[in-house]
Amino acid sequence: MLQDFPIELIIAIAVAAGIALFAIILAMGYIKAPPDTAYIISGLRRKIIIGKASIRIPFFERVDKLKLQLIAVDVKTSSAVPTADYININVDANVNVKVSSDPALIKLGAENFLNKDTTYVAKVAREVLEGNMREIVGQMTLEAMVNDRKAFAEKVQENAAPDLNRMGLEIVSFNVQNFTDDQNLIENLGIDNTTKIQKKAAIARAESEKEIEIAKAQAKKEANDAKVLAETEIAQKNNELAIRQAELKREADTQLAIADAAYEIQKEEQRKTIEVSKANANIAASEKDVELKAKEAEVKEKALDAEIKKKAEADRYKAQQEADAKLYQLKKEAEADRFQREQEAEAQKAEAEAAKFARMQEAEGIAAVGKAEADAIRAKGLSEAEGINAKAEAMKKYGEAAVLEMYFKALPEVVKNAAAPLENVDRITMYGDGNSSRMVGDIISSTTRVTDGLSEATGVDIRGILSGFLGGRAVSAPEAETEAPAVEAPAEDISFEEVPEADESDNE
């Protein structure tokens, strides 16, 4: 019957049938993989398709699916894990894993999780992650984990990644949710941080207060310096005024002006010294107050550290802090003792300087007084000389009677003044016989010399006038000595004792 059909028709039908069969095979084997799923073709060949289309040969090749989407895994430690510092804690982390798209790793993922649901993948990944997380917990301290969760998560990822890669999985993210412990140590660490912040604030406040006190002390010092400077200028002006007044008054009373000026200078210098000492004392007190504030802030800081670390490190840290506190106390006592010795040395030095200054002022005062007394004596002598010259001029104008009258009135005073030095003598011891008479003769001789001096100064021959007045009898020097009026010496205040002259053998 086939012979009734032309060969061309048979060939055309066969070709059409083949094309139809090929189209049916293509329709049956055409696959298209989404981006979150890997299609794995196995059989005659092995091929992995992700987000692309391909042809599977029906009956000879099969297609399996492998999910590539993220899988959230809640990783928690099933029991408390001891840290590197032997503190039992529980860790809660949220991890996202997936089957890796890397060609080398996806083959391992297909071998382990082909056609498995995400629950199974999450269970396997959780067990691996928990084991690695427990291992990292044992390598780190609690404080390090709490203070740097990122470092903890990175270490867990680094430790768990090789294990998961061998199963074809990779970690997309690892976030630590919480650290817990049964002894509330983590909470105490939070209190520790709070206390540290409070400590920093207290230190900052203490520093501010210290700066304020320093500024106050500096302002007080500057005010005191200005006060001392003003008072010094006032003292200088007063001194200049006193000196000017003394200069104006010096023509009338030179001695009084010099004495007043010296007194004012010494008084002002003493007052200036007292003011400077008070200023130095105030400055030292301010410096001590500032130092005390700083020490109090330092003690507060030490106390806060002791309280914080006592809770964190228990008895060991407490013992260490007590030892440090004792060492600090001994050191500060030594510093305080050294500071006290330095202050005492400074005080002794200041006292020595003050004593030196006082002695210099006293010496200058004594020198001024001596100079003033010398000026006064010189002025008095000049005044007396001028008076004598004036009297001499007057005597030249008077007659002999007036001269004699003045002479006899002045003679007792002259004799009295000649014997006046003996008033200040309690006892006179004279060696040799007749010395008491010789002493009286010396007084009379002094009186005669005064009379002769008056004759020379006035040009009036007092002896000649006396001779004429007495009837022409000449008055010789020895007779004048015997007839001179008696000296009114205070006999009750002077006692004479004549002692025989000692032999030369006794003196030898």
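## Strand 6 and strand 8

Val-73 of strand 6 (residues 71-76) stands opposite Val-95 in strand 8, and Val-75 stands opposite Ala-93 in strand 8. Helices (H or I, at least four residues) and strands (E, at least two) are DSSP runs, numbered from the N terminus. The model is predicted, so local features need pLDDT of at least 70 and side-chain atom pairs count only at pLDDT 80 or more, while totals for chains, interfaces and linings use all residues. Residues are numbered from 1 along each chain as its sequence is written, and side-chain values use heavy atoms, with hydrogens and water left out.

Strand 6 and strand 8 (residues 88-99) run antiparallel and are joined by 6 bridges; two strands pair if DSSP finds at least two bridges between them. Ile-71, Val-73 and Val-75 form the covered face of strand 6, and Ala-72, Asp-74 and Lys-76 the uncovered one. In a regular strand the side chains alternate between the two faces of the sheet.

## Other partners of strand 8

Strand 7 (residues 81-82) is joined to strand 8 by 2 bridges, and the two run antiparallel. Pro-82 has Asn-88 as its bridge partner in strand 8. The hairpin of these strands has 5 residues between them, and there Tyr-86 takes a positive phi near 60°.

Strand 9 (residues 169-180) pairs with strand 8 in the antiparallel sense over 10 bridges. Thr-180 in strand 9 is the bridge partner of Asn-90.

## Nonpolar cores

A nonpolar core is a set of buried Ala, Val, Leu, Ile, Met, Phe, Trp, Tyr and Cys residues joined through side-chain atoms within 4.5 Å; buried means under 20% relative accessible area, exposed over 50%, partly exposed in between (1.4 Å probe, protein chains only). The largest core has 43 residues, of which Leu-129, Phe-152 and Phe-174 touch the most other members. Helix 3 (residues 118-139) gives the largest share of this core, 9 residues. A second, separate core of 5 residues includes Ile-31, Ala-33, Ile-41 and Ile-49.

Leaving aside residues up to four places away in sequence, Phe-174 touches Ala-93, Asn-94, Val-95, Leu-129, Met-133, Ala-153, Val-156 and Gln-157. Contact means heavy atoms within 4.5 Å.

## Helix 3 and helix 5

The axes of helix 3 and helix 5 (residues 149-165) come within 9 Å and cross at roughly 135°, which makes helix 3 oblique to helix 5. Axes are lines fitted to C-alpha atoms, for helices over the stretch in contact, with angles from 0 to 180 degrees between N-to-C directions. Angles under 35 degrees count as roughly parallel, over 145 as roughly antiparallel, 65 to 115 as roughly perpendicular and the rest as oblique.

Residues making the contact include Leu-129 and Met-133 of helix 3 and Phe-152 and Val-156 of helix 5.
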